[in-house]
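Hi,

Here is the structure I promised to pass on. Have a look at it first, and then read my notes below.

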Amino acid sequence: MGIEAKKDQALERPHFENERALVTGGGGFIGSAVVLALLREGATVTVLDDWSSGDRRRLPADGPLTILTGSILNPAQVADAMADCTVVVHEAASSIDIALRDPVLDCDVNVRGTLNVLNAARKSRSVRRVVYASTDAVYGNPRYLPINEDDLLNPLSPFAVSKLAGENYCKAYYETFGLSTTVLRYANVYGAPVRDSRLPAGAADRFLKSALEGRPLQVHGDGEQTRDFVFIDDAVDATLQASFLSKAEGQIYNVGTGIETTINTLVEKVLSAAGSSSPIETMDRLDIDNIRRRVLNIEKIRREIRWTPRITLEQGLRLLIEGRAG
């Protein structure tokens, strides 16, 4: 193996011993998992959260961690939280539910809040990378599967529209001001601790909790709609890689598994993993769930920053049951 190959191989593992990281929304599901991973890797971490959906109990009580109560809608609070930070992981966001109830608030948080983060990073003398947490919802109903990063974007909900606006601002700040940004389009991330009812639950987490409690698993529609389910630990690994490697600068990456799974198949796997005989209830299709099929092509992130998911859906469900996620 040549010297350059050895150098490239050495870059596969992030090193954060001398890094100071800001995680916005660090009390949320993905945000708190990113915080814990950064701390394990030796980083000094600051969390900025308004606790509208986050939970302090997900974070350690000690260590090189500063927890701030504040909002990304307040530019001064964002700038103060970012002081001396070298990495910013921007996980703070509105949610699909909030976007349906109040699209204006959703726009404020996801667009103006993101602008405040980018402005503070641009003015900072220490920030070398902003990682923006986006969503595969920006694709809408795709024409082709699996979905590539450069495929047509067709957001169908206010939430997807606001997240795409944040993506575009990241690109604009990179191209116009030279701010190093990386956008991650997460697939359906699962892995919320099954005993933690405070965290928002996607389909996999919700089904598993119901199965373990012996309650019916509620399937909306015919259950043949498909999604790409990526385990929280894998999503976090991708986030750390994107915040560290120079090749990720200015890039957009899908973060998924490349495996298309129907909701009916997910239910079968959940019941099997939990050893549960919970019944299945068929419900009306959700208005917010208007995407029939979705699976992401992850070749770009695999090729450029050498990230690949390690946890299968079966393994992830087992880890959750054993309480070993995160």
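Let me start with one serine. Ser243 touches Phe16, Val87, Arg128, Arg129 and Val131, leaving aside residues up to four places away in sequence (contact means heavy atoms within 4.5 Å).

Before I go on: this is a predicted model, where local features need pLDDT of at least 70 and side-chain atom pairs count only at pLDDT 80 or more, while totals for chains, interfaces and linings use all residues. Residues are numbered from 1 along each chain as its sequence is written, and side-chain values use heavy atoms, with hydrogens and water left out.

Back to Ser243: it sits in helix H8 (residues 232-244); helices are DSSP runs of H or I, at least four residues, numbered from the N terminus. Ser243 counts as buried because its relative accessibility is 1% (buried is under 20% relative accessible area, with a 1.4 Å probe and protein chains only).

Now the helix pairs. The axes of H7 (residues 203-213) and H9 (residues 263-274) come within 9 Å and cross at roughly 40 degrees; axes are lines fitted to C-alpha atoms over the stretch in contact, and angles run from 0 to 180 degrees between N-to-C directions. That angle is why H7 is oblique to H9 (oblique is what remains after under 35 degrees, roughly parallel, over 145, roughly antiparallel, and 65 to 115, roughly perpendicular).

H2 (residues 29-40) packs against H8 at about 65 degrees, with the axes 10 Å apart. On the H2 side, the contact includes Phe29 and Ile30, and on the H8 side Thr239 and Leu240.

Cheers

Terms used
Helices (H or I, at least four residues) and strands (E, at least two) are DSSP runs, numbered from the N terminus. Buried means under 20% relative accessible area, exposed over 50%, partly exposed in between (1.4 Å probe, protein chains only).
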